[in-house]
Amino acid sequence: KVSMGTKKTDEEAEVCGDLGSRIMVFVRLRPMGKKEEEAGARSCVRIVNKRDIYLTEFASEMDYLRLKRVRGRHFCFDASFPESTTQQVVYSTTTAELVEGVLQGRNGSVFCYGATGAGKTYTMLGTLENPGVMVLAIKDLFAKIRQRSFEGKHSVLLSYLEVYNETVVDLLSPGRPLVLREDKQGITAAGLTQYRAYSTNEVMQLLQQGNQNRTTEPTRVNETSSRSHAILQVIAEYQVKDSNMTATRVGKLSLIDLAGSERALATDQRSQRSIEGANINRSLLALSSCINALVEGKKHIPYRNSKLTQLLKDSLGGPCHTVMIANISPSNLSFNETQNTLHWADRAKEIRTKACTANEAVPLPESETNQTKLLLELQKENS
Ligand code: ADP
Ligand code: MG
């Protein structure tokens with residue numbers, strides 16, 4: 001069912017109001033890793049009823065015998081995914097509805113937040129055998145377009161970019177850092193590649209290649225820690241028709257794999273990496289400040305404080321469906337990080353966003369080929 005114009009049916013308005021009014025927050029618990037098992041880690045997270053999370057701090061054996069109790073905390077989210085949850089279930093619970101929204105001309109965004117090693121990249125990108133949210137979303141988008149589209153009257157454009165050390169880099173065509181530019185449409189990275197995707201098959205390879213271009217630096221805390229934020233933007237353009245007009249709908253989905261949320265400054269105080277750490281903190285800190293300001297209903301939201309928040313401006317407080325997936329490890333050795341992540345996620349539940357609206361449909365004369373026109377417009381915007 002495709003609706004025309006920006007007027008919504010009651011049913012749509014209801015769904016929209018619900019989703020648009022606050023951020024949906026999910027938590028995904030990953031299985032215990034081999035290294036953790038070898039280190040004698042115990043699970044300190046318990047998920048009950050697919051929503052409630054109990055976090056337990058194991059004191060040392062001695063403390064436990066003396067105090068006869070452990071400290072614990074309880075959290076509750078829109079859904080909490082236990083270790084065994086499949087990629088498909090994570091996708092359909094968190095993101096499928098946003099993909100549907102994109103085809104109604106609305107914007108949506110999904111963030112993965114959590115410490116390094118907590119499962120953010122697995123959730124977003126996944127592996128060839130178990131593709132993650134990014135790939136499943138694009139697959140679903142193509143399937144949905146195929147179901148209702150007129151042959152050829154649609155396009156899916158992908159951009160994949162990284163914010164690292166307060167610079168923005170194009171992951172599909174790495175080179176000089178990109179400059180952020182603000183216009184009526186919001187903030188865009190000038191010159192960013194927009195890859196036109198035709199099928200799901202090519203997408204996984206494209207994204208994996210892009211991920212290889214991500215900046216990873218060995219640090220003392222974790223050798224493979226990913227210290228950059230990766231943002232995939234999927235722009236779907238879709239033609240809708242009724243008896244007397246043809247219009248083009250455009251919806252944007254942003255999928256964001258944030259850098260590790262552990263305190264970056266703790267890794268290396270003296271070298272280049274501490275500057276980098278400060279900048280990672282700056283982006284995540286700025287994100288937290290924006291979240292706090294949004295929660296408190298402040299008029300001024302400090303988006304300008306970092307590149308990340310500038311890029312995410314229309315995904316946080318704007319008219320956008322926003323989903324947060326907090327990734328956590330079960331290991332008691334990561335207790336502090338897990339507690340921080342859950343605390344942050346708990347806070348994010350309070351964010352109220354503007355009611356979401358569909359992007360204005362752009363009516364075009366029948367003779368125009370919409371794709372060419374849109375592509376030209378987008379290229380103009382980004383050049
Ligand atoms: P992050 O991106 O948060 O640093 P990763 O996604 O790289 O963490 O995950 C760390 C490790 O745990 C990887 O080897 C990954 O394959 C594995 N892993 C994470 N989540 C899951 C999961 N849900 N199921 C199986 N393995 C997982
Ligand atoms: Mg990662």
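**Ligand shell and helix packing**

Mentor: Arg-30, Gly-119, Lys-120, Thr-121 and Tyr-122 come nearest to ligand 1, out of 14 residues around it. Keep in mind that this is a predicted model, where local features need pLDDT of at least 70, side-chain atom pairs count only at pLDDT 80 or more, and totals for chains, interfaces and linings use all residues. Residues are numbered from 1 along each chain as its sequence is written, while chains are lettered from A and ligands numbered from 1 in the order in which they are written.

Trainee: What makes a residue count as near a molecule?
Mentor: Its C-beta atom, placed from the backbone, has to lie within 6 Å of the molecule.

Trainee: Which helix gives the most to the shell around ligand 1?
Mentor: Helix 6 (residues 120–124), with three residues. A helix here is a DSSP run of H or I with at least four residues, numbered from the N terminus.

Trainee: How do the residues of that shell around ligand 1 divide by class?
Mentor: Three nonpolar, nine polar and two charged. Ala, Val, Leu, Ile, Met, Phe, Trp, Tyr, Cys and Pro count as nonpolar, Asp, Glu, Lys and Arg as charged, and the others, Gly among them, as polar.

Trainee: What about helix 7 and helix 8: at what angle do they pack?
Mentor: Helix 7 (residues 133–148) and helix 8 (residues 200–212) pack at about 155°, with axes 10 Å apart. Axes are lines fitted to C-alpha atoms over the stretch in contact, and angles run from 0 to 180 degrees between N-to-C directions.

Trainee: Why is helix 7 called roughly antiparallel to helix 8?
Mentor: Because angles over 145 degrees count as roughly antiparallel, and the angle here is about 155°, helix 7 is roughly antiparallel to helix 8.

Trainee: Which residues meet there, between helix 7 and helix 8?
Mentor: Met-134, Val-135, Ile-138, Lys-139 and Phe-142 in helix 7 meet Thr-200, Val-203, Met-204 and Leu-207 in helix 8. By class, that contact has seven nonpolar, one polar and one charged residues. Contact means C-beta atoms, placed from the backbone, within 7 Å.

Trainee: And how do helix 4 and helix 7 cross?
Mentor: At roughly 65°, with the axes of helix 4 (residues 87–94) and helix 7 coming within 10 Å. Gln-87, Gln-88, Val-90, Tyr-91 and Thr-94 in helix 4 meet Val-133, Leu-136 and Ala-137 in helix 7. That contact divides into five nonpolar, three polar and no charged residues.

Trainee: What is the mean pLDDT of the chain?
Mentor: The mean is 79, and 75% of the residues reach 70 or more, on the predictor's per-residue confidence scale from 0 to 100. Over residues 1–20 the pLDDT is below 50. Where pLDDT is low, the predicted coordinates should not be read in detail.

Technical notes. Helices (H or I, at least four residues) and strands (E, at least two) are DSSP runs, numbered from the N terminus. Angles under 35 degrees count as roughly parallel, over 145 as roughly antiparallel, 65 to 115 as roughly perpendicular and the rest as oblique. Two residues are in contact if their C-beta atoms, placed from the backbone, lie within 7 Å.
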